[in-house]
Amino acid sequence: MAMLRNDLELSMIPIPGSPPVRWRVADGLVSYDEAVATMESEVAAIAEGRSDELVWLVEHPPLYTAGTSADAADLIEPDRFPVFATGRGGEYTYHGPGQRVAYVMLDLKRRRQDVRAFVAALEEVIIKTLDSMNVRGERREDRVGVWVRRPEKPLLPDGTMAEDKVAALGIRLRKWVTFHGLSLNVEPNLDHFSGIVPCGISGYGVTSLVELGLPVTMDDVDLYLRNAFEDVFGPTA
């Protein structure tokens with residue numbers, strides 16, 4: 001288990017006088033090509049000082065993405081859904097309806113030029129979001145993402161408690177501006193994850209808020225997510 005970090009270490013509040021982060025929620029399903037093109041445009045504008053920072057919440061049609069560390073052997077069903085190579089860190093991930101994807105475009109020159117601190121802060125946003133719904137999300141030093149313990153499931157082969165991933169992270173930086181971000185499983189089709197080894201991690205499951213017994217809507221989750229983001233990164237507009 002990761003060492004506990006205090007709130008001060010996790011804070012990524014911007015320098016005084018910085019404008020609030022734009023908060024945008026997409027209507028309908030957004031194609032992956034459109035998402036990448038939008039991020040490229042927004043990141044360039046933020047880096048050049050022509051635009052304020054942005055968090056963009058989307059849902060995608062079913063698809064797989066391959067990060068820069070993806071192993072082809074982890075793509076179990078290559079013909080099941082479209083597969084997109086992407087410049088973010090990490091391995092294979094699934095995106096689809098019922099999963100909230102947050103593309104986070106922040107200028108770390110206005111905050112902390114520390115990639116590890118930024119990743120920890122994104123994890124903290126997810127953990128705080130889950131905590132608002134009485135779900136305990138946890139970090140693991142040897143596994144990316146945010147995890148929940150499943151005491152109702154059989155023990156793992158090594159005798160430890162079963163754990164499922166509920167959220168994934170994958171980021172990229174350009175001129176200290178971040179893009180890509182996080183995905184939180186609200187109510188996706190969990191069978192769609194079976195076409196890949198999610199994030200290259202085998203032996204563990206994938207879960208969602210609804211599968212955990214929470215009858216939440218995407219609007220509910222968006223509200224909790226925004227509150228958690230503001231706790232860690234500062235005001236939005």
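**Core packing and aromatic contacts in a predicted model**

Thr129 touches Leu184, Val221, Tyr224, Leu225 and Ala228, when residues up to four places away in sequence are not counted; contact here means heavy atoms within 4.5 Å. The structure is a predicted model, in which local features need pLDDT of at least 70, side-chain atom pairs count only at pLDDT 80 or more, and totals for chains, interfaces and linings use all residues. Residues are numbered from 1 along each chain as its sequence is written, and side-chain values use heavy atoms, with hydrogens and water left out.

Thr129 belongs to helix α3 (residues 115–131); helices (H or I, at least four residues) and strands (E, at least two) are DSSP runs numbered from the N terminus. With a relative accessible area of 0%, Thr129 is buried, a term that means under 20% relative accessible area, whereas exposed means over 50% and partly exposed lies in between (1.4 Å probe, protein chains only). Leaving aside neighbours within four places in sequence, Leu184 is in contact with Gln99, Arg100, Thr129, Leu130, Val166, Ala167, Leu209 and Val221. Leu184 and Val221 are 37 residues apart along the chain, and their C-alpha atoms are separated by 9.2 Å.

In soluble globular proteins, nonpolar side chains tend to be buried together. A nonpolar core is defined as a set of buried Ala, Val, Leu, Ile, Met, Phe, Trp, Tyr and Cys residues joined through side-chain atoms within 4.5 Å. The largest such core has 38 residues, of which Phe118, Leu130, Leu209, Phe229 and Phe233 touch the most other members. At least two residues of this core are supplied by each of β2 (54–59), β6 (99–105), α3, β8 (143–149), β9 (163–174), β10 and α4 (218–233). Helix α3 gives the largest share, eight residues. A second, separate core of 16 residues includes Trp56, Leu63, Val101 and Phe179.

Phe229 touches Val21, Trp23, Val55, Val104, Leu106, Val125, Gly234 and Thr236, again not counting residues up to four places away in sequence. Ring pairs also link Phe229 with Trp23, Phe118 and Phe233 into a cluster. Rings of Phe, Tyr and Trp (its six-membered ring) pair if their centres lie within 6.5 Å; planes under 30 degrees apart count as stacked, over 60 as edge-to-face and the rest as tilted.

A search of the whole structure finds ten aromatic pairs. In one of them, the ring centres of Tyr64 and Tyr94 are 5.9 Å apart and the planes meet at 65°, so the pair is edge-to-face. Because Tyr64 lies in strand β3 (residues 63–66) and Tyr94 in strand β5 (residues 92–95), the pair ties together parts that are 30 residues apart in sequence. Tyr64 is buried at 0% relative accessibility, and Tyr94 is buried with a relative accessible area of 2%.

Arg143 is placed over two rings. Its charged end sits over the ring of Tyr204, 3.9 Å from the centre, and Arg143 also lies over the face of Trp147, at 4.6 Å from the ring centre. The criterion is that NZ of Lys or CZ of Arg is within 6 Å of the ring centre and within 35 degrees of the ring normal.
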